[in-house]
Structures are given as C-alpha cells and as structure tokens.
Amino acid sequence: MVCWPTVGRLHVLGIRHHSPACARLVRRALSRHRPSIVLVEGPADANDRVPELGLAHRPPIAIFSHWTEGPGVSGASWTPFADFSPEWVAIRGGLRRGAEVRLIDLPSWALPPGPSRRPGARYLARLARELGADGYDALWDHLFELPLAPDALEARLARFFEDLRRADAHDQRAREDGTREDGAREDATEPTPRAREAFMAGHVAAAMARTDGPVLVVCGGLHAPALIDAWRDLPAEPPPLPAGPSARGSYLVPITFAQLDRDAGYRAGVPSPGFYQALWERGPEAAGDAMLAAVIARLREGRRGPSTADLIAARASVEQLRRIRGHVALTRVDVLDGVASAVVTRALDAPLPWTAARAGAAPTDPTVLAMLDALRGDRAGRLDPSTPRPPLVDDAHRQLAARDLALAHGPHEVTLDLRAPADLETSRVLHRLRVLEIPGVARRRGPDGPADAAVTERWELWSTRETERRLAEAAAWGPDLARAAAARLAHALDGEAAHLEALAGHLLDAAQIGIDALDEAALRRAEGVARREPRLARLGRALARTLALFRHDRLLGAAGSPALARLTRAMIRRALWLVEGARGAEAPTDRDELRALVGIRDGLRVGHALGIAPEEVIDALARVARERRSPPGLRGGAIGLLWSVNATDDAADDAADDVAVANDVDDDVAGLALDALGAASPRTIGELLAGLFALARARVLATPEVIAILDRQLAAWPEDAWLAALPSLRLAFTYFPPRERDAIARAVSGLHGRAVAREPLPADAATIARGEAREARVDAWVARYHLEGPR
C-alpha cells in the first residue's frame, strides 16, 4: 500500500486546499507525530503574521499580501482559511501544541505564472470518465470526502497525487516535444512548480537542521512526493526571500463564504463552502442531509418556488442518485443534480455550472442561483479584537469619529455645506473613502464640476461586512486616508494611459480629495497622456473639464492650481498640434473638436497663469485659417478664435480674469472670414459657419458684412445647392440662442426691405425643405415634358 513519504523525523502530508477530509488527516498527524516544527504551504513573506493566526478568530479569514514597485506596478494576493482548510488546522494545531510554525512558499511577487490548465488534466479526465464523475470536484468528493478509514484515506491520497504528478510530468514532456498522445501538435509549454518546490525544500532542510524532533510538512499534494528527497543536500539556513519590491506588507482580513466561493468567481476558492463547512462540523454522514434541507428551505422562500410535490420528488431524486452512484453518503453534486432534475423545469441557456462543461461559469437561472446560494452559506469571518490592524484602518475610523461619523451603525444621511471649511474637510475624508472604493460610503447628491451650481453634498453611510476587509486591503496604497487615496488616484491616472477623458474625470476626484494629492510622478504621467492623445474630439472634452477646474473651481480649491496649470498647458499645446496637422478640405468637424478650439481660446485668456505665450497660439491658428486644405470646421474655428481674441464675447468673459490678452492679430482677419465664406461650397458652408459661430458669435453679430455676404451667397445658389446646404446650416445656427437668431432674422429682413414675420411656421424647417424639394422636382418634370398649362 502506498503511503505518504515519511523518513525518520520528517512527515510530508500532501493535501488539497479546503478539503475537510485532508483537514482531518492533518489533525490526526499532529496528534500522532507531535511535531516540533510545522511547515505549511503559504506565502513566506507573511511569517510575521503566523502568531496572529493563533488568536480567537472566526473563519473564514485571509492573509492579504500586497506589494508596490514603481508607478503602475503593484499586486496583491489572498491566502484564505476556513475551518475546514488543512493549512488552518495545521497552523492552529501547531501553535496550540507549542510547535514552531512557518509558511514556506514563495511570496506572491515571485510566484511563476500559473498554468492555463489543471495539472494532469488528461489523467483526471480519464479517471473521471472511468468512475462516472462529472468534473474534478465531483471526482474528488467521490474519492475522498465520503466516509473512509483514515489509513485507507491517506493511502488513497498518496497514490492519487503520485499518479497525478507522474501524469503531469508526462504531459509536460509532451508539451516540450510539441506532441500529444494522439500525435497532434501541442502549441505551448507551461511553467513547472520547480521554483516553488526548491524554495519549500530549502525550508525543509533548515527545519531538519534546526530540531531533533519530528517535522510535519503540509503542502499541496502535487508537491509532496518531491519534498521527501529534494531537501537533503541543501544548506541548513532557510532560503532568503527572493529580491522583490521594497514597499510590501501583509495583514489578516475577515472574508465571507461569498468571497471564498469559486462559483461566485474566486478561482482559487472552493465551490459551495457552506456544504464543506457542514461536512467538517457534522461529518460526511450527516452533512448531505443537512444541506439538502437547506436547499429545500431556500427554494420555499421564493414567490414562485417549486410546489410541495416537486420538493418531495427532489428528495427522492437525490436519494436515488446517491444509490446509483454507489455513495454511502450524499455528496455536493448528488444534492445539486438531484434537486435540479426535479425543480428546474424550463430549458437552460447553458449547462449547469457545477458540471465539467461549465465549471466555474456564472449561473443565470433563478432556481439554480437559489440552490447554489443555499450551499454557499452566509458565514462571515471575524478577527479577534486584539489583531493588529493596518494604520489606514485606524486612521479611517479616527477621522470619521472626529467628525461624529461612523460606518458601524444603521444607514444614515449626512448633508455638507461645501462653503463651510469644516464641512469641506469632511467631504474630502468621505471622497477619499469613495476613491478607495470602501463599501458603506456613497455620495447621493452634490456638484459634478465647477459649472454645477450646487454647493451642498448629501452622503449616505451604512454598515457592511466588507468595510473592515476593504479598509485593510486599501492599506496597500498608503498608511493613512490622504496618502492612500492619492496613491490610488495616481495609479488610476497611470492606468488610463490611452483614455484622456477618464484622466479628466480623475482630476475631479483629485479636486474632491484635495488637489495637492497629485504627486509629481502622477503629474508627469498625466502630462504624457495629454501629449500622446491622438483624437482632437476626446482632447476637447477633457480640456473643457480641466480648464473649468483651473479657472472656476473655487469651491473645492482647485482654481489656479499649479498642477492643473501644467496639465492644461500640455493639453492646449497638443490641441494646437492636432488642429494644425488636420487635413481634408471637405472633412466634417465634430462639435467636441470645436470644444478644443474653445478651450484654446479660454486658455489664452489666462495664458499668463498657464505659461502660454499668446503669439505661440496666434501664429499657429493664423496658419490654419489660411490653409485651404484644413477641414472647414477647424478653419472657421481658427478664424473665429483670431477674430474674437480681443472681443468681449458674452459667453467667454470671466470677471475673475482681469488680465487682457495682448495679441498681434492682423487687421484683415475679418476680411479673411469674408473671403472664406465667399469661397465656401454648399458641402462646406455649414461646417465653416459652425466653427466661426462657435468661436466668434458676438463678432458675427457685430459685423453686418458677414450677414450680408452670407445672404448674397445663399440667394445666388440654385435650389438644389441651397437644399444640400440646409441641414448643416441649421446645425451651425444652433450656436446662437433664440434672441440672437431673432437679431439675425431682423438683419436679413432689413437687407430685403421687409419686416420680420411673427407668425409661426406651419411646420418645422426640415419638413418645409422636403416640400420645397418635392415641388422643385415636379416643376422639373413639367418643364421636361412640356406640360405647362395656360397661366
């Protein structure tokens, strides 16, 4: 009979993570061997947290490890523990017996990439087929979680993992050779666990040298056969941690069964943790019946739940499946398959999520969801009150308490007046929690930017199981709220390298948490994003938001910020480069592209604060205004900007900006506008006017010659040209508000010696245009076929 490797004082026990059967074997090994040292597969960088694992916690909990190395390079990992996790039993049992307990696996930053497939996948698939098990989870429960004598279980585990390792080595050799068993080519090789096993073996060698007593190693079953011999010729000192980031740390955090559940998306978790908790607490004989009762109770809660007859049939189906499969007790899949066969009465759009065909997929059927929810359980972990917490957690609670706020009570609202310094600081604290995505904090109402007239915010605070865990995880960003939120925001800025609009949104976040939160490195990266932005429309939207913050955000304190000045300057220079390089004599211009020109104009008005020389802007735009190959919208916008740079546009003047912009605009800019209009075609006239009106609306109204030349040009066009230009003309004139359109109508009527018609049109302009076009076609047919009648 194959048994686990044991050589004198060394006992190696291979396990599956989160297996109640393996956890029982670990408990027996601790009692039988009474080890002096217990070595457990887990991140070695978290060894300083091992003593804390002996406190009076209520699992599930996890070791949360984080690391950061330079801008945008960071990572995190979780090592979860449930009552039924073999590692948890090993650590707690070893500490309780006074043994030295060490974690011996590589830290998360040094782990090699995981394989894309399960080790020994072909062997497992073949074994599952032979035993009639649907998937690896069903196979494992069939072989190991049913009642079995401890010695027989240990022998079966040893044989299983040795065969699995041998099969995986065979598969690896086939992948390296590029062939499969059937002769087909294999595409890729995958990393082996050798680096991890070498590191673990080093810890085994050090432990054997450090004590004369027994040493118990609890590790993944795939590694166990290797560790029995690999340690022999290694040094007596434990291996040092691999070189890694200097900014790193580990903390204990509470988690829930929902987070541990693989069916809910955590790939390293266990499916239906509530079922395995019952398996651990009640034993395999009673757990299945208890969880079947839980599933039926959950199904009864639904408004349209199954009938009593369906539930009776479900119980019978579960029991029949157990007997057919030869199980002496109910397994998880027995319960799920049996209940589903009786109560899922409509067609599903995908296989059941616990089957091999859909393992790990998210279910959508409400009955299936209810079944999985019942087997998941609602257990939430809790840390011992004396557990050390990250500084950020204490800082968050301290800052909330100082403002008579708390997340530990029922839902309550907080209203803040941002004009009051104390309320503004409270707002910044809450926005820092929001940026860190801490649950239990939500802003329901408030200003969304400097153009928003609101001066108050309404927040909702409530308690949640997730708050403490998420605060502990947020400690990866910094030791207190201010620095953590700033680091999180800097990371977001770096992560949006191809998305300038998202960057502009994060700038509002920066204003809300305190604009000085942006560090120099984050600013440089944001400037780099602006300099690389390829789309003028996206740049126009971002520039509008950023410039508004710089000019007007006195409420949050961002107005005049040097950080925003640098970023706005980079955006304006990039916008100038894109405008000047655009080509296409008939290319359309997006309104957001014109917003970029509006941003350039408004930035020019505060050019002294932005560090932009007026002549730098004027020279570039003069070239665009004279370039006939430029898109007509951008050309009209450039002309309008040059024309309005000394004007007091009613939409552009800012009373706070009392510095006039000096410029050397040529006297013939108005003539340039008239020449461009005179040369415009029906396909380009609307685009040209849209750019002109967007930038120089007031100057157009104040210059009758523009209205006159436009009137003459449109009147001289044939009917078909006029109709072709009409849609774009209508869009161009939407830049004028109703009162100004009325002034233009009066000017045009005056040119023809008529009064402005006050009666409303019988239909909208588009309908009238279509009618006129139809009449024109009728007139053409009449003339073509000489159908004119007597006058």
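This is a predicted model: local features need pLDDT of at least 70, side-chain atom pairs count only at pLDDT 80 or more; totals for chains, interfaces and linings use all residues.

Modeller: Residues are numbered from 1 along each chain as its sequence is written, and side-chain values use heavy atoms, with hydrogens and water left out.

Now your pair. Arg-298 and Glu-301 come to 3.6 Å, N to O, in their salt bridge (a side-chain nitrogen of Lys or Arg within 4 Å of a carboxyl oxygen of Asp or Glu). Side chains of opposite charge can pair when their charged atoms come close. The two sit three residues apart in helix 10, so about one helical turn separates them. Helices here are DSSP runs of H or I with at least four residues, strands are runs of E with at least two, and both are numbered from the N terminus. Arg-298 has 28% relative accessibility, so it counts as partly exposed, whereas Glu-301 is exposed, with a relative accessible area of 60%. For those words, buried is under 20% relative accessible area, exposed is over 50%, and partly exposed is in between, with a 1.4 Å probe and protein chains only.

Let's zoom out to the helix itself. Helix 10 covers residues 284-301, and at 1.5 Å a residue its 18 residues should span 26 Å; the end C-alpha atoms are 27 Å apart, so that agrees. The expected span is 1.5 Å times one less than the number of residues. Its buried residues are Pro-284, Ala-287, Gly-288, Met-291, Leu-292, Val-295, Ile-296 and Leu-299. They take up an arc of only 165 degrees around the axis, so they are on the same side of helix 10; that arc is taken from the directions from the helix axis to the C-beta atoms. Your Glu-301 belongs to the face turned away from there, along with the exposed Glu-285 and Arg-300. Among the packing partners of the buried residues are helix 1 (20-33), helix 9 (273-282) and helix 13 (366-376), where contact means heavy atoms within 4.5 Å.

In one of them, Glu-437 and Arg-488 have their closest N and O atoms 4.0 Å apart. That pair links distant parts of the chain, 51 residues apart: Glu-437 is in the loop between helix 15 (421-435) and strand 10 (441-445), and Arg-488 is in helix 17 (residues 481-495). Glu-437 is partly exposed, with a relative accessible area of 45%.

The other is Asp-742 with Arg-746, at 3.1 Å between the closest N and O atoms. These two are four residues apart in helix 30 (residues 738-751), so again about one helical turn lies between them. Both count as partly exposed, Asp-742 at 26% relative accessibility and Arg-746 at 43%.
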